[in-house]
Amino acid sequence: MGAIRLENVKKTFGNIDVIPGVDLEINDGEFVVFVGPSGCGKSTLLRLIAGLEDVTAGKILINDVDMVNESPAKRGLSMVFQSYALYPHMTVYNNIAFGLKMAGEPKAVIDEKVRNAAGILNLTDYLERRPGALSGGQRQRVAIGRAIVRNPAAFLFDEPLSNLDASLRVNMRLEITGLHQELKTTMIYVTHDQVEAMTMADKIVVLQAGRVEQVGKPMDLYAKPANKFVAGFIGSPKMNFIEGDYARARNCACVGVRPEHLLLSTEQGEIAATVKIAEHLGAETYLHVNADNIGPMTVRATGEVPLSGNDRVWLTPDPERIHRFDASGNAISN
Amino acid sequence: MGAIRLENVKKTFGNIDVIPGVDLEINDGEFVVFVGPSGCGKSTLLRLIAGLEDVTAGKILINDVDMVNESPAKRGLSMVFQSYALYPHMTVYNNIAFGLKMAGEPKAVIDEKVRNAAGILNLTDYLERRPGALSGGQRQRVAIGRAIVRNPAAFLFDEPLSNLDASLRVNMRLEITGLHQELKTTMIYVTHDQVEAMTMADKIVVLQAGRVEQVGKPMDLYAKPANKFVAGFIGSPKMNFIEGDYARARNCACVGVRPEHLLLSTEQGEIAATVKIAEHLGAETYLHVNADNIGPMTVRATGEVPLSGNDRVWLTPDPERIHRFDASGNAISN
Amino acid sequence: ETKLTIATVNNGDMIRMQKLTDDFTKKNPDISLEWVTLEENTLRQRVTTDIATNSGQYDIMTIGTYEAPIWAKKGWLAPLENLGADYDVDDIMPSIRSALSNDDKLYAAPFYAESSMMMYRKDLFEKAGIEINGRLTWDQTLDIAKKLNDPANGVYGICLRGKAGWGENMALISTMGNAYGARWFDEEWKPEFNGQEWKDALSMYVDILGKYGPPGATSNGFNENLSLFNAGKCGMWIDATVAASFVTNPKDSKVADKVGFTEAPCAVTCTGANWLWAWNLAIPASSKNTEAAEKFIAWATSKSYLELVASKDGWANVPPGTRMSLYQNEKYLDAAPFAIKTLAAIDSADPINSTLKPKPYVGVQFAAIPEFQGIGTVVGQQFSAALAGQVTVDQALANAQESTDRTMQKAGYY
Amino acid sequence: MSTRASTLAGRVMSAPSIIALFLWMIVPLGMTIYFSFLRYNLLSPGMEEWIGFVNYKFFLTDHAFFASLANTLILVGSVLVMTVIGGILLGLMLDQPIFGRGILRILVISPFFIMPTVNALVWKNLLMNPVSGFFAWISTSLGLQPIDWFTHAPLTAIIIMVAWQWLPFATLILLTALQSLDRDQKEAAQMDGAGPVSIFFYITLPHLSRAITVVILIETIFLLSVFAEIFVTTGGGPGLSTTNIAFLVYTQALLQYDVGGASAGGIVAVILANIVAIFLVRLIGKNLDA
Amino acid sequence: MDSKFKTPFGQFAYSVFAWIVGLTVFFPILWMVLTSFKSELDAVNMPPLFFDFNWTLENYSGILEQSNYFKFAMNSIILSFGSTFLGLIFAVTCAWAMAFNPTKRTKDTLLWMLSTKMMPPVGVLVPIYLVFRDWGLLDTRFGLIMVLFLMNLPIMVWMLYTYFKEIPKDILEAARMDGATLPKEIIFVLLPMALPGIASTMLLNIILAWNEAFWTLNLTTSDAAPLTAFIASYSSPEGLFWAKLSAASTLAVAPILIVGWFSQKQLVRGLTFGAVK
Ligand SMILES: Nc1ncnc2c1ncn2[C@@H]1O[C@H](COP(=O)(O)OP(=O)(O)OP(=O)(O)O)[C@@H](O)[C@H]1O
Ligand SMILES: Nc1ncnc2c1ncn2[C@@H]1O[C@H](COP(=O)(O)OP(=O)(O)OP(=O)(O)O)[C@@H](O)[C@H]1O
Ligand SMILES: [Mg+2]
Ligand SMILES: [Mg+2]
C-alpha cells in the first residue's frame, strides 16, 4: 500500500532553487518514472521523498500522512541506489537481512524473508558470497532484494541500471518490470534512458530544471508531447525539428517529425536531402542526412536500406504524425 | 599508410593461452572492429599490435615490416584508451603535444599540428584547460586528438566510448566515423557494443576465447553468420534459437530467427505464443513471448502494436531469413 | 607499608646499591623501594622540576653538590637530623660536609665523592722516557701529550672532556681556569671571560685537546673518554677520581695494570685545579615519608654499607670519597692503589676558596647559583665550538661573556 | 545527507574532539602567554613579577635565536629533501618485482618504528663514533680519515639520523601513490614515445605531487620539534651548530629553568610554526582537497 | 608492461641491488641487535666483529636483573594502546562528522587541528606540569594516556577523515533507509568498511605513542613510566656500555618493531593520508 502525494515541494541548496515547487500524485501500485536531463533534480526529488534530504517547503504525504519530519527509516520506503550501495563487508544474506535486523525482527522471520526474496531474485546460490564476488547484475539483484524484504510502501530506484552494460540492462529491465507485476508495489524509478522510461513506466514524469514538464503514460508522451522539450526528450533517435519557412508554411514556429515518421524514397518526396552517414544495423537503418534548406535530419528506416554517403534521397513526413510548436515551444494541437 | 598483418600471433599469460593463434589481414585505410564477449582477448590482441605486450609467438607486420621487436613508439601507431588515460596534470594543449615533444619536433611544428587537430575536434576553446575540467565527450576528443597529431599508420581504439552515456555515445560514434572518412587512416576499434560494430566497421572481426570466429562486412555477418555464436552475437535483440522438433523438421539441429524477421499476427501463423511483456517504444514494440512448445522468444515489431501481457499471438518466420545450424553450431547454407 | 620512590643516576655505584637493597628491606620490612634510574641530565631536570614545583613525587633524590646548597637555602630539602647514633657524621670528609650543609645542618648525605686527577699510561710514559716529578703544569702536560700522540697506532696524547655541558667540559675547563687564575664572576657578579686568565686557559685547552686529542673530542664526555682509555687509546686522561676503579678493573679495561695516577696539572696556581663533586642523597621537603627516607639514606651512606659492598664485590668497588675512615682502612688501601691520590685530591678541593682572586660564589667547577646551569651550558657550548674550530678562542670568550652578562642581567644580579 | 538531524549529529559528534583539542591548546597556551610576561624562574618560586616584553626582547635579541632559527630551517628543509627524494627512489625500487619483496619492504620501513632516543644513541655510539664506530671503520678501510661527525659536521649528522628515521614514512606514502598510478597513463606515454626517464618526469612525478605534499606536511609538523636526537647526541653544540628552536626553548626551560624566557620562546616558536603552517596550507590548498 | 626485466637474470640482478639498498637502510638496526649480543670489549673492537664473536646473553640478563623491564613494557603497551583506543573513539566520531556532514569550516577546522601539533612541547611543559600536579595526574597512566591521545588526535582525525571521504555516501544512506540509527550506522557499516584505514590509523598512533619520549619522560616517575624512561636509564652509564646500551635499545624497540613487522601490510595499505585518489 503506497500512495504518495507531493504538495508544492521545494528544495533549495544554499540559494540555488533546485526544485522550485513540485506537485505530484502517485497512486498505489503505480510504476512512475522520472526522466529528465542530467542535473534537472530527479535524484533530489527522489531523495526528498526518501527523507535523505529535508524539504525546504511543502508536504510529502505517504498514504495521506505527512512524512516531512519523519526519519528515512520511518517512512517505510526502500531505495535502490545507482551504485547499488551494497555493504561490501557483509555476505549477500546479511546485506539483505540488515534492514530487518535493524528493525529487530526475530531471527526466524528474517531468515524466511531473506530466503524468500533470494528465491524471487534467483540469488539463493549466492547468499554466502560477498558483493565483491558477484557480477554486476547479481549485485543489482541484491540491492533489489534488500529493498524487497522490508515490504515497503514504495520502492525508490535511482538510475539502478546505469552502471550495467547494455545487454545486462535489457535483462534487468525485464526483471524489474516482472517484479513490479508480481509485487504490485508502488515504484518510483529515476532514469535518463528513454527506453527504460518508455518500456517500464505506467506514468512518466518529465522534469526539467526542477520543474515538471509533463506527466503521462509513455505512449501519450510519445504521441502528444506537451512541448518541444518533451518531444525532443522522448524517443530515440531524437525528433527532428524544422523551423523557418517550412514551419511558417504550417502555421507554427517549429515543426517536429520523428525519424521513424519520415517516409524515405530515392525518387521523390517533400524534402530533398543528401545522405551524410548511413548506419546499417541490419534490422533497421539510420540515415543522417543534410536536408536542402533545412539542415541535418535523421531518418529511421526499417530493414536494410542500400544507401550510403552522398546519395540523394527524398523524405516525406507522415502528415498524421507531425507535431507543431509555437514560439515558446508549446505544442499546438492539430 | 597502414596495412597490418598478423601471422599466427600467440599470447600466453603464465600458462593460460589467451590468444591461441590468430591470423588477420587489415588493409590500409580500413576500419576494422573487434567484437566479442568480455574476456575474449580483444584488448590483448590490440595491445599486442600496439606493442604494449610482447607476443609469445608469431609475427606482426605493419606495412610488411615485422614489428614484433620494436617498442610501441616505433611502430607508428596511436592508441585511444578506454579510460582515455589523459595526463591529468597537463593542459589539453600539452596532452596533445606530448607525443610530438617526445619525438623532439620543433615548437612551431608542434603548435601547428596541435591547433590543427584541435580544430578538427572542436577543441580549440579548451586548449588551456586541464582534463579534469572537461566533460566526458571532450575528454574523449582530447584522447583522439592526442592520437591524431602523431600521424599514425593506424589508430587503435580500445572501447573508447564505453565510459560515455548513451546519447553522447551516439554523437561520438558519428564523430569517429566522420573522422575516419576524413583521414582515411586505418583504424582498429575494439568494442562489445553491436551497434557500434555494425555502424562503424568496414570489417568486423568476431572473437571468442582468443579465436577469430568470423571476419566480414557487417551486413554479411548479419545476413550470413558463420555459426551460432556469431549469429547470436550480432544483432539486437538477440536472434531466437529454436531447437527440437521445429528444427528437426527443417533438417538441422537449430533454427535461428531474428526478432525482426518474425511476422506478427493476432490471428494465425506458424507458431502460437503468449505475450509475457510488451515493451512499447513508440517507433517499435518488443514483445517477449512464450511460444508454445518452444519457449521464450522475442519479437520486434515496427510501430506501436496494441498488445500487452497474456495476449495470444502467432508468429511466422520469414522463410528467406531463417538460419540453420548443425549440431556443432555451424551454419548450414540454405 | 611505606613506599619510597628514589631517583638515582645511572652510574655503577648507584646501580650496585640497587642490587644490595635486600639488606635494607630485610631490616625494614615495612619499607619498599621504587627506583627511578635516569641518565644524569635527565635526572637533574626531572628532580629539579619536581622539587621546584613542589610536586612531591620523590622521597629521595640523588643530587649533586651543585644543587644541595641552593635547595637547602630555599628550604626545599628536609634536614637530615635523625641519621642514627652509629652514623658518625663527623667521619664525612669535611670539604664535602661543608658543601652539603647550611646553617650547620646537613641537608644531603654523600653517597660517593670525587675530585679530579690525571690517569696516565705508565707503559707509554716509560717508552717515551717521561718521568713525573711533582705536580705537572699544563705546559708540561702539553709537551707530554705531544710526545705520546701517535694516531697512526691509535694512541692519542691526551683525552679530555669535550662534550658541552656544565657538568661535562665546563667541569674540566673551570678547573683549568682556576689554575690559570681565572674565575667565573668577580665580586660584583660580573662574568670575567674577557680577562687574560680565561684566554690562557682556553687556549691551552683548545691547543692540547685539539692537537693531541682523539677525533670526535667535542662529543666526548666522561663515558666516552672512559671507553677510549680502557681501549688503550689515551696516553693521559684527566677526569674524575672515580674513574680510577674502572680503569684498573681488568674486566673492562685493556690497560688495567698499566695505569698510573697523579694530580691534575696546575698553571699559575694549584688552587682549584681539581674539582670537587659528590652524588648525594637528599629528601625533598615535600616528601611524606621523611622518616623512612632518612632511614634509607642512613643505610646507604653508612660505614656498614661500605662493608656490605666490600663483602660482596670487594673493597675496590666501594663508593669512594665520602668517609675519612675508609682511607684509614688497610684493606681498602690495598685493594685501591689510587686511594691515596683520590683522598689527596678531594682533600685539597675547597668549594669556598677555589680561585686565586676572591669570588662571591661557592663551588670549584661551578657557581652554586640557580642560573649557573644555563650559563654553564651555553658557555660550554661556546668552548666546544672553539674546540671544534668553529670559532676562535677570542670569539668564544666574547660570546661567553656576552651571553653570561645577559643572563645575569636578566636574573637581576645587577 | 543534509537533513537537519544529520547536520545536528555532525555538530554533536565533532564537538568532543574539537573541544578537547581546543582546551589542550588554549589552556597551556594561555598559561604560556601569561608566563611569558613574567620574570619567572622555576628555581625561585614566589618571586614572579610582571616584566612586560623583557623576555621577548631577550629571546629575540639573543644571537642564539637566529642561529637556531637557521638550524631549524636547514634541518627541516634538508630532511624533507632527503626523505622525499629518497622516498621516491625507494618507492620506485620497491614498486618493481623483487625476490622477497615483502621482507625487503619490512626492512626498509623498520627505522620508522625506532624510538628517536634509541635512534640517536645507536647512530651516535655504534655508527658515527669517530674512533670505534662503524663508519670510522669503513673510512679507515678505504684509507680515509674517519669523519668526526659531531665535531665537523654535527648538523649533517643530526640530519642524517632524522632523515633515516623518516625515510620509511615517505617511502610508504610515495609507494602507495606510485602503485595507484594508472597503468593506462604510462602506456599512453609509451605510445607517445616517452622513455623511462620522460615517463618519470612527465607522468610519475606530477602524479606524486599530492603524496609529496602530504609527506611534507606531516613531516614538517614533526620535524619542527625534533629534540631527542639533539639532546642525546650533541646537546645543541658544538657552539650553537645543532641548536634548533625546540632545543633552544629547552635550554631555557630545563637548563636555566627560566620559565618566563622559555614561555616567550615557546610563543615565538608557535608563531613561527604557524607561519610555516600558513605556507603549507597554501601548498595544500592547491594540492590537497582536505 | 608490468615487468621491465625481460630476462630472469635482469630481475635477479635487480633484486640483488634492491636487497643491498634495503639492507643498508636496515643496517643500523641490524648492527644494534648484533652488538647487543657482544661483550663490551667486542662491541668496541676494531675492526668491527660481524658474526664471529662470542655470542652472549649477559647484557640481556644484566638488564632484566637490573630493571623491571616488563613493568616498563607493560606501561608502554597500556599507554600506546590506551591512547589509541581513546583517540579512536573521538576521532571516528569527529571524522565521521567532517566527512559526511561537512560545513564550510570543516577544512579550516582540520588544518587548525593539525596546527595544534606545531606547538613545541618544551614550550608548554611547565604549564602542563603544573596542571598535572594540581590535578594529581603526574605519574599516572590516565594522565599520560590523555596527553598522548590529545597529541595524536589531529593526525587520527585527519587520517580517518581521508578514509571516510572515500566511502560512498550512498552506503551510509542505504543503512539509514534500512533503519539503522546513527551509532549502528557507524558501527555496522562505516567501521567495517573503513577497516584497513582504521587499522593503519591505529598502528601509526601506537607507533607514535610508543616512541613519544618527551611527555612520557617528563610526566612520569615510576608507576606510569614506559620504555622511553627505561632507555633513559641506559643511555650513558659509566664504563663500556655499548653492548648493554644495544641490548636495552633492542628491548625497548623490539615489541613495536615486531608489531610493526607483522602488521606492515595494514600500514602499507592504509598509510596514505588521502594522498592517493
Ligand atoms: N548537496 C547539494 N548541494 C548543492 N547543490 C546540489 C546538491 N545536490 C544536488 N545539487 C544540485 O541540484 C541539482 C539537481 O541535482 P540532482 O542530483 O537531483 O540531478 P539529477 O537529475 O539526479 O542528475 P543526474 O541525472 O546527473 O543524476 C544539480 O544542479 C546539482 O548540482
Ligand atoms: N596481464 C595479464 N595476466 C594474466 N591474464 C591476463 C592479463 N591480461 C589479460 N588477461 C586475461 O586474458 C583474457 C583476455 O583479456 P582481455 O583484456 O584481452 O579481454 P577483453 O576481450 O578485452 O575483455 P573486455 O571486454 O572485458 O575488455 C582474460 O581472461 C584476462 O583475464
Ligand atoms: Mg541523479
Ligand atoms: Mg578489454
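Hi everyone. Let me start with how I sort residues: Ala, Val, Leu, Ile, Met, Phe, Trp, Tyr, Cys and Pro go down as nonpolar, Asp, Glu, Lys and Arg as charged, and the others, Gly among them, as polar. With that in hand, the shell around ligand 1 divides into three nonpolar, six polar and two charged residues. Please keep in mind that this is a predicted model.

So which residues are around ligand 1? On the chain A side we have A:F13 and A:V18, then the run A:S38, A:G39, A:C40, A:G41, A:K42, A:S43 and A:T44, and finally A:E159 and A:H192. Helix α1 of chain A, residues 42-50, provides the largest share of that shell, with three residues.

Now for the polar contacts of ligand 1. Two of them use the backbone: a backbone N or O atom of A:C40 is 3.2 Å from an oxygen atom of the ligand, and a polar backbone atom of A:G41 is 3.0 Å from a ligand oxygen atom. From a side chain, an N or O atom of A:E159 lies 3.2 Å from an oxygen atom of ligand 1. As for cover, ligand 1 has 630 Å² of accessible area on its own, and the protein covers 58% of it.

Let's move to ligand 2, over on chain B.

For ligand 2 I picked out side-chain contacts. A polar side-chain atom of B:T44 sits 2.4 Å from a ligand oxygen atom, and one of B:K42 is 2.8 Å from an oxygen atom of ligand 2. B:E159 brings a side-chain N or O atom to 3.2 Å from an oxygen atom of that ligand. The accessible area of ligand 2 on its own is 640 Å², of which the protein covers 60%.

Last stop, a helix pair in chain E. Helix α7, residues 141-166, packs with helix α10, residues 195-211, both of chain E, at an angle of about 155 degrees and with axes 10 Å apart. Angles over 145 degrees count as roughly antiparallel, so α7(E) is roughly antiparallel to α10(E). The crossing of α7(E) past α10(E) is right-handed.

Technical notes
Residues numbered from 1 in each chain as written. Chains lettered and ligands numbered in written order. Predicted model: local features only at pLDDT ≥ 70, side-chain atom pairs only at ≥ 80, totals over all residues. Heavy atoms only, no water. Polar contact = N/O pair within 3.5 Å; in protein donor to acceptor, adjacent residues only side chain to side chain. Areas by Shrake-Rupley, 256 points an atom, 1.4 Å probe, with all protein chains shown as cover. Axes fitted to C-alpha atoms, helices over the stretch in contact; angles between N-to-C directions. Helix = DSSP H or I, 4+ residues; strand = E, 2+ residues; numbered from the N terminus. Parallel < 35°, antiparallel > 145°, perpendicular 65-115°, else oblique. Left-handed = near helix turned anticlockwise from the far one by under 90°. Near = heavy atom within 4 Å.
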